[in-house]
Amino acid sequence: MELIDRFKALLAALLYGQEDLSLEEVPDPTPAAGEVVIQVGAATTCGTDLKVWRRGGHAKMLIPPTLFGHEGAGRIVALGVGVTNWQIGDRIVANNSAPCMKCFFCQRQEYSLCPNLTWNNGTFAQYLKIPAPIVEHNLLQIPDELPWELAAMTEPLACVLHGIARSNVKAKDQVVVLGDGAIGLMFVAALSGEAEVLLWGGNNHRLEIGQKLGATQTFNYHQIPDIPSVVKELTQGWGADVVIEATGVPSVWETAIACARPGATVNLFGGCPRDTSITVNTEQLHYSELTIKGVFHNTPKYVQEALALIASRKIPFELLISEQRPLKDLEQVFCEMKARQVIKVAMIP
């Protein structure tokens with residue numbers, strides 16, 4: 001193991017429950033065999049982090065009390081025994097999970113369904129320990145010229161690319177994206193040029209960013225609340241070829257299905273609160289031959305593709321970063337996210 005001198009009092013955010021977040025001194029992380037420790041260059045906030053903060057937990061990723069944050073990039077400062085492919089000083093981004101590569105699902109390359117996913121939280125901190133499975137399967141080197149905050153967005157973009165791959169999007173399709181949060185805007189950016197994207201959201205500033213990222217048309221649901229009717233007017237009366245729901249609100253899941261044409265694919269991407277349900281019209285589902293699917297998380301393939309897309313600088317993902325803030329402002333940042341005053345914020349430890 002190699003170590004460099006670091007601060008004795010290390011700061012990290014801990015989540016204790018619903019809107020209960022604390023910035024505390026934590027022990028200096030020491031890597032076990034196969035692990036690395038990074039000094040966090042930037043950690044970006046995410047809509048999932050906001051939901052977890054508001055709900056007090058996450059069905060898959062974490063159980064409070066826990067270190068918090070899952071999007072981050074930084075520089076390796078310590079190597080555990082057996083780590084030979086990395087060096088002190090390497091600039092890296094680590095996905096927040098890694099599949100086991102051995103189970104029923106992994107053998108079928110359905111890595112996001114792996115029941116043994118190794119999760120890692122704690123990017124809202126000065127230092128972060130990366131578990132061995134992530135070091136092995138989901139740790140990537142980032143170019144020297146790529147800003148930390150852009151590299152940190154690799155994880156959510158990987159989820160979006162996974163979502164697009166599962167959505168059966170064809171060239172020149174009319175795609176409806178419901179939600180103008182960071183994820184919805186990433187869907188717009190990644191689909192731009194491939195499909196005609198109709199973006200719906202509730203914030204005019206975010207919708208303007210959606211236009212800059214390639215949305216064909218944008219709509220504010222506060223001004224035009226009957227979304228399915230407008231979608232059908234714009235699609236020769238049939239509905240959209242593909243609908244992507246990116247809010248995690250059950251009623252919007254139902255709206256997404258109502259926007260779909262016969263034969264469409266509806267991607268229910270936004271994760272809803274635990275134990276919620278929706279109502280589906282069985283006649284529409286059956287006779288319109290709808291494909292309705294949930295899509296969760298990402299896979300190592302899409303993590304690699306996401307970093308490559310960000311590093312290419314073909315898409316101005318910096319438009320999603322509202323500002324940079326110090327770690328001490330984290331709770332205030334979540335209050336601002338709750339009020340929809342910011343999209344993503346780069347926390348700089």
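Author: Gladly! Let's begin with one word: contact means heavy atoms within 4.5 Å. Please also keep in mind that this is a predicted model.

Reader: Which residues is Leu11 in contact with, leaving aside its neighbours within four places in sequence?

Author: By that cut-off of 4.5 Å, Leu11 is in contact with Leu23, Glu24, Glu25, Ala125, Gln126 and Leu327. You will find Leu11 in strand S2, residues 10-17.

Reader: Why is Leu11 called partly exposed?

Author: Buried means under 20% relative accessible area and exposed means over 50%, with partly exposed in between. Leu11 has a relative accessible area of 32%, so it is partly exposed.

Reader: What makes Thr299 buried or exposed?

Author: The cut-off for buried is under 20%. The relative accessible area of Thr299 is 8%, so Thr299 is buried. Thr299 sits in the loop between strand S17 (291-294) and H10. Leaving aside neighbours within four places in sequence, its contacts are Tyr111, Ser112 and His162.

Reader: What about H10 itself: how does its reach compare with the span expected at 1.5 Å a residue?

Author: H10 has 13 residues, and from its first C-alpha to its last it reaches 19 Å, close to the expected 18 Å. Its buried residues are Pro300, Tyr302, Val303, Ala306, Leu307, Leu309 and Ile310. They pack against strand S7 (91-94), helix H2 (132-137), strand S11 (139-141), H3 and H4. After H10 comes Arg313, with a positive phi near 60°.

Reader: How do you know whether Asn168 and Lys172 are buried, partly exposed or exposed?

Author: We use the cut-offs of 20% and 50% again. Asn168 has 39% relative accessibility, so it counts as partly exposed. Lys172 has a relative accessible area of 76%, so it is exposed.

Reader: Why is the bond joining Pro64 and Pro65 called a cis peptide bond?

Author: The angle to look at is omega, which is about -5° for the bond between Pro64 and Pro65. Most peptide bonds are trans. Pro65 lies in the loop between helix H1 (47-55) and strand S5 (66-67).

Reader: How do you know that the buried residues of H8 line one face of the helix?

Author: In H8, residues 250-258, the buried ones are Val252, Trp253, Ala256 and Ile257. Seen down the axis of H8, they fall within an arc of 150°, so they line one face of the helix. The buried residues of H8 pack against S12, S15, strand S16 (260-268), helix H9 (282-287) and S17.

Reader: Which residues touch the most other members of the largest nonpolar core?

Author: Those are Leu157 and Phe317, in a core of 51 residues. H5 gives the largest share of this core, eight residues. At least three residues come from each of domain 1 (10-156 + 298-347) and domain 2 (168-294). Leaving aside neighbours within four places in sequence, Phe317 is in contact with Leu150, Met153, Leu157, Met186, Ala189, Leu309 and Ile310. A second, separate core has 40 residues, including Ala13, Phe68, Ile76 and Trp86.

Technical notes: Residues are numbered from 1 along each chain as its sequence is written. This is a predicted model: local features need pLDDT of at least 70, side-chain atom pairs count only at pLDDT 80 or more; totals for chains, interfaces and linings use all residues. Side-chain values use heavy atoms; hydrogens and water are left out. A nonpolar core is a set of buried Ala, Val, Leu, Ile, Met, Phe, Trp, Tyr and Cys residues joined through side-chain atoms within 4.5 Å. Buried means under 20% relative accessible area, exposed over 50%, partly exposed in between (1.4 Å probe, protein chains only). Helices (H or I, at least four residues) and strands (E, at least two) are DSSP runs, numbered from the N terminus. Domain bounds come from an automatic or database domain assignment. The arc is that of the directions from the helix axis to the C-beta atoms. The expected span of a helix is 1.5 Å times one less than its number of residues.
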